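Welcome! Take a moment to look over the model below, and then we will walk through a few of its parts together.

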Amino acid sequence: MPKIVKALTALEIKNLKQDGVHALGGVQGLCLRIRGNHRAYILRYSFDAKRREITLGSFSTITIKTARDKATEYRAMIESGLDPIDYLQEQLLTRQQEQRAKELSELTFKATVERYELYQDKLNAWTTEKEKSLFLGRLGNHILPKIGNMPLNEVHAKDIAEVLLPHWTEHPALAKKLRQIIRQIYSWAKAKELLIGDNPVDNQVLQHLLPRCPKIIRHHAMLAVNDVPRFMRRLHECPSISAKCLEFAILTATRSANARYARWSEIDFDKRLWVIPAEKMKVKTSDHIVPLSKQALNLLQDLHERQLSDYVFTSPVGNSFLSDGSLKTVIKRLHTEALTKGEKGFVDPKMTNRRGDPAVATPHGIARASFRTWAQDDELGNDERYSERVAELCLHHMTKDTYKGAYNRGEMMKSRTEMMQDWANYCLGENQ
């Protein structure tokens, strides 16, 4: 039998002074703990053969009657096989979960965007102010008016489809940007445990809610063949490394990336060849062997004398390769300078941009499309002088033959060498 302690009165309890745990009687295990100026009512008990202790409240905030009532309630729990500490923890967890669920049910997509923006600002995660401005501008103009006030966890695929639908066929690039932004917000919300369930931006679902986009093939803006020499003369006068890289790409009729990533180890000065490894090519079936014209060789030799890194065209920043934008910038600058002088700019005569203005030529368009057009130009007589097959091999395009290009690596090198030299002569106005 547990020892029965006489129930102390409120005055007797108040007069307890010594630090320690004092039995108060009235309920088995009810005590007052004194530690200096701190006094608290506690209940000591055993549960599953373990001694446990639960705080009932501070001496200064609850009465002895309230403490005894709580102790009596907890003793009843113990008698029924329920641990009061476990019960209170479960109650607290339930309240926290209910509060969390309430907060998440009221959290709007707009409020989530605001949290995301603060998070990005705190980490200084925006690459540039322009990137931040575009991101928030697209949200404000196209996304928030549709789903901003909706609860984050109640936005479904059909709601996202309604955001994308006005732009899906007319402005597909913008629609894809908007889809990416929404997906990014939801991915962040998932990581921060704000999203219940899966990311609603699911392409496999959205494809059934949006019309099929017509496939728009946009060609790279080129220069008319008779305008290439004028452009190349201006380009040849530019001293920048980006201009030299662009000139080399045009002289070799190669893609911008191949020229920008070119390494000195790929150049064979003795054999006058540039061997681009297959893994760098768009069609990775074989190495692309490019015969180098005397103009291309001269350009390389000048650069080789002041070699800065393993890259042929070394970026002024970081001793790495040039960016794709650097070559486009050269063309735009030459185009603007021509217009400023009252001359015709460097545009594609048959293409317009999204605003309906003549499209400024691109590195790929001049180096590849202008070259291919020149190779079969009937006014120059090239349609009789060069075969279509040789031109396609110069571009590393797959040719239709019995062997499906199996021997393309070294095929028709003599004809290709002659064609590349004639192209360089045409570009730079030599032997004309």
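Helix α7 spans residues 172-191, and its 20 residues reach 28 Å from first C-alpha to last, close to the expected 28 Å (1.5 Å times one less than the number of residues). Helices here are DSSP runs of H or I with at least four residues, strands are E runs of at least two, and both are numbered from the N terminus. This is a predicted model, in which local features need pLDDT of at least 70 and side-chain atom pairs count only at 80 or more, while totals for chains, interfaces and linings use all residues. Residues are numbered from 1 along each chain, and side-chain values use heavy atoms, without hydrogens or water.

Among the buried residues of α7 are Leu178, Ile182 and Trp188 (buried is under 20% relative accessible area, with a 1.4 Å probe and protein chains only). The buried residues of α7 pack against these helices:

| Helix | Residues |
|---|---|
| α4 | 109-123 |
| α5 | 129-147 |
| α6 | 157-168 |
| α8 | 203-206 |

Just after α7, Glu193 takes a positive phi of about 60°.

Now to the nonpolar cores, which are sets of buried Ala, Val, Leu, Ile, Met, Phe, Trp, Tyr and Cys residues joined through side-chain atoms within 4.5 Å. The largest has 57 residues, of which Phe231 and Ile250 touch the most other members. Helix α10 gives this core its largest share, 8 residues. Beyond neighbours within four places in sequence, Ile250 has contacts (heavy atoms within 4.5 Å) that include Phe231, Ile366 and Trp423. A second, separate core of 31 residues includes Trp168 and Ala189.

Definitions and conventions. Buried < 20%, exposed > 50% of the residue type's maximum accessible area, 1.4 Å probe, protein only.
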